[in-house]
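Colleague: I have a chain to discuss with you. Could you take me through the model, please?

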Amino acid sequence: MIRPAHRPLLPLPRAHRRGALLLLALWAVFMLSAAIMLWAGYVRHTLFVAINQQLDTEARAMAHSGVNLALHPLVTKETPAPPPVVRRHPRLRGADD
């Protein structure tokens, strides 16, 4: 059986070591950048979920208030309606903005 000739392991020249360190540093910067971008996306998603929960809670409170007002015994058809209240969260934009 013929064996391939093995080259003895010699220390790499200085230029090759610097190149390897440069590649390692670039890889580390890339991995850290990717991790930071993923974290920023997670924070943004969590923020939008919290905003939607807040708006949902506010809408439910207004709906319950309207039901309570409508079921109040002193409210009749002649009772004037309160002016409409339109509030929007400043971070959410609609088609009209």
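Predicted model: local features only at pLDDT ≥ 70, side-chain atom pairs only at ≥ 80, totals over all residues.

Colleague: Which residues form the salt bridge, and how far apart are the closest N and O atoms?

Modeller: Arg-60 pairs with Asp-56, and their closest N and O atoms are 3.2 Å apart. Side chains of opposite charge can pair when their charged atoms come close.

Colleague: Where do Arg-60 and Asp-56 lie?

Modeller: Both belong to helix 1, where they are four residues apart, about one turn of the helix.

Colleague: Is Arg-60 buried or exposed?

Modeller: Arg-60 has a relative accessibility of 52%, so it counts as exposed, the cut-off being over 50%. Asp-56 is partly exposed, because its relative accessible area is 38%, which falls between the limits of 20% and 50%.

Colleague: How much of the chain counts as buried?

Modeller: Of its 97 residues, 3% count as buried. The chain exposes about 9,800 Å², and carbon and sulfur atoms supply 68% of that area.

Colleague: On the subject of surface, which residues make the nonpolar patch?

Modeller: The patch is made by Leu-21, Leu-24, Trp-27, Phe-30 and Met-31, and its area is about 580 Å².

Colleague: Take Phe-30 from that group. Where does Phe-30 lie, and why is it called exposed?

Modeller: Phe-30 lies in helix 1. It is called exposed because its relative accessible area is 54%, and exposed means over 50%.

Colleague: A change of topic: what does the side chain of Thr-46 reach?

Modeller: The Thr-46 side chain reaches the backbone oxygen of Tyr-42, at 2.8 Å. Thr-46 is itself found in helix 1.

Colleague: And what is the relative accessible area of Thr-46?

Modeller: That value is 36%, so Thr-46 is partly exposed.

Terms used: Residues numbered from 1 in each chain as written. Heavy atoms only, no water. Patch = residues over 30% accessible without salt bridge, like charges linked within 9 Å, V, L, I, M, F, W, Y side chains within 5 Å. Areas by Shrake-Rupley, 256 points an atom, 1.4 Å probe, with all protein chains shown as cover. Salt bridge = Lys/Arg side-chain N within 4 Å of Asp/Glu carboxyl O. Helix = DSSP H or I, 4+ residues; strand = E, 2+ residues; numbered from the N terminus. Buried < 20%, exposed > 50% of the residue type's maximum accessible area, 1.4 Å probe, protein only. Polar contact = N/O pair within 3.5 Å; in protein donor to acceptor, adjacent residues only side chain to side chain.
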